[in-house]
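Subject: Handing over the structure

Dear colleague,

I am passing on to you the structure that I have been reading through, and I would be glad if you kept it open beside this message. My notes come after it.

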Amino acid sequence: MTALATIMAGALMAAPAQAEPAVEVLHYWTSGGESKAAGALRQDFEAAGGKWIDAPVAGGGGDAASTVLRSRVLAGDPPNAVQLKGPNIKDWAAQGKLATLDEVAKAENWDAILPPQIRDVVTYKGHYYAVPVNIHRVNWMWVNPKVMEKAGVAIPKTWDEFNAAADKLKAAGIIPLAHGGQPWQEGALFEDVTLGLGGPDFYRKALVELDAKALTSDTMVKVFDQMRKLRGYVDDGFPGREWNLAAGLLMNGQAAMQIMGDWEKGELTAAGKVAGKDFVCAHVPGQFGYIVNSDSFVMFSSANADRAAGQKLLAKLILGKKFQETFNVLKGSIPARQDMARDSFDECAVKSMDDLKTAIDTNSAVPSMAHEMAVPGAVRGAVLDVVTAHFNSTMTSQEAVKRLAEAVDLAK
């Protein structure tokens with residue numbers, strides 16, 4: 001070997017290996033529409049040279065995924081990228097478990113493209129610790145127009161109209177409200193009714209600020225009264241049912257309406273249903289407002305160069321225009337970034353975009369309690385325990401209000 005060849009060989013051996021981006025992704029997108037959306041992210045990541053290690057955990061509310069995450073972290077083996085939201089992001093950041101995404105955020109100009117409400121969720125002490133995927137609206141009502149027309153009822157705009165329509169549907173042998181009996185689903189119903197009956201200011205007092213007067217008010221009694229009404233409008237097979245199976249009742253005409261976030265639209269369109277024809281999206285009855293839920297990914301700190309490179313690549317792709325369009329069309333949500341063209345989005349998504357802007361301008365956008373955007377996990381759990389206990393028993397509204405205030409006080 002010549003001297004030059006020896007030097008070159010030595011240099012090659014000494015050169016550090018270039019990192020090969022790889023991530024293990026813990027998520028709970030396992031239904032039909034969700035799975036397609038998650039697959040779009042995986043395809044983008046792999047097309048960019050990354051290695052995707054899939055770690056799905058079934059369960060629409062994400063509670064099972066949270067349990068898995070905690071056990072993995074305690075075992076010293078956290079996933080690299082985790083679907084997380086709300087105060088949980090700040091909690092993990094405060095514990096020093098997360099990698100900052102400031103480098104990617106600066107390069108991609110996240111400060112300019114994200115609305116303030118979402119920026120606040122994904123930052124902690126001025127640093128980005130999560131990348132938002134989308135914006136979901138929780139307070140949607142999905143309607144089967146053929147079933148409604150057959151029963152001779154119009155889409156209700158108030159809760160009194162809803163109850164009258166539901167009574168007529170029930171008398172005609174149609175399930176008025178498709179529902180899955182799980183705590184997070186009943187919690188979402190509860191917050192929708194709270195906003196509809198009380199309005200955004202009351203919602204914030206009760207379910208964000210946890211004000212004792214709001215929690216024990218006459219308005220909250222009326223919220224539980226309406227929840228009792230809703231219990232009478234679901235079929236006997238609801239306990240334990242997943243939300244996407246409830247969506248099947250709506251699709252096949254057994255049920256007339258379903259109150260669910262706009263991930264419902266992802267499920268409906270994945271089944272070949274068309275907005276405005278096979279289903280109609282309507283504001284949940286009552287006062288105007290926009291209950292915000294947003295999926296985000298956090299990156300748990302990793303000393304592995306391949307995993308760290310994969311985290312940065314994934315964060316960049318998630319807020320890129322290509323993925324924001326592809327994913328949200330499939331998922332049923334709207335983009336987290338606010339500079340997107342609307343051409344590819346259907347009428348429900350465009351309405352959601354318009355309503356979000358109006359809600360931001362009128363201070364009527366509120367964070368979802370049921371979907372972990374508003375309060376710590378212990379408080380959310382306490383609220384859901386009372387709500388589901390009331391929904392599945394003969395507990396009076398007055399007793400429910402008393403228990404709610406006590407449970408929140410203990411959980412704070």
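Predicted model: local features only at pLDDT ≥ 70, side-chain atom pairs only at ≥ 80, totals over all residues.

Residues are numbered from 1 along each chain as its sequence is written, and side-chain values use heavy atoms, with hydrogens and water left out.

Let me begin with the sheet. It is an open sheet of 5 strands in the order β2-β1-β3-β13-β6, with mixed pairing; helices (H or I, at least four residues) and strands (E, at least two) are DSSP runs, numbered from the N terminus, and two strands pair if DSSP finds at least two bridges between them. The edges are held by β2 (51-56) and β6 (130-132), each of which has a single partner strand, so one side of each is left without a neighbour in the sheet. On average, neighbouring strands are turned by 25 degrees against each other, direction ignored.

With β1 it pairs in the parallel sense over 2 bridges, and here Val25 stands opposite Ala81 in β3. With β13 (residues 296-299), by contrast, β3 runs antiparallel and is joined by 4 bridges; Gln83 has Phe297 as its bridge partner, and Leu84 has Ser296. In a regular strand the side chains alternate between the two faces of the sheet. Are the residues on the two faces of β3 buried or exposed? Ala81 and Gln83 on one side, and Val82 and Leu84 on the other, are all buried, where buried means under 20% relative accessible area, exposed over 50%, and partly exposed in between (1.4 Å probe, protein chains only).

Helix α2 touches β1 (22-27), β2 and β13, and its direction makes about 160 degrees with that of β2; contact means heavy atoms within 4.5 Å. Helix α4 (residues 87-94) lies across β3, β6 and β13, running at about 140 degrees to β3. For such values, axes are lines fitted to C-alpha atoms, for helices over the stretch in contact, and angles run from 0 to 180 degrees between N-to-C directions.

Helix α2 (residues 32-47) also packs with helix α15 (residues 305-318), at an angle of about 125 degrees and with the axes 10 Å apart. That makes α2 oblique to α15, since angles under 35 degrees count as roughly parallel, over 145 as roughly antiparallel, 65 to 115 as roughly perpendicular and the rest as oblique. The contact is made by Leu41, Asp44 and Phe45 of α2 together with Gly310, Leu313, Leu314, Leu317 and Ile318 of α15.

Finally, some loop residues. Most residues other than glycine have a negative phi. Asn109, in the loop between α5 (102-108) and α6 (110-113), has a positive phi near 60 degrees, and at 44% relative accessibility Asn109 counts as partly exposed. Asn363, in the loop between α17 (347-361) and β15 (365-367), also has a positive phi, of about 60 degrees. Ala275 lies in the loop between α14 (263-270) and β11 (280-283) and, at 17% relative accessibility, counts as buried. Not counting residues up to four places away in sequence, Ala275 touches Asp346, Glu347 and Cys348.
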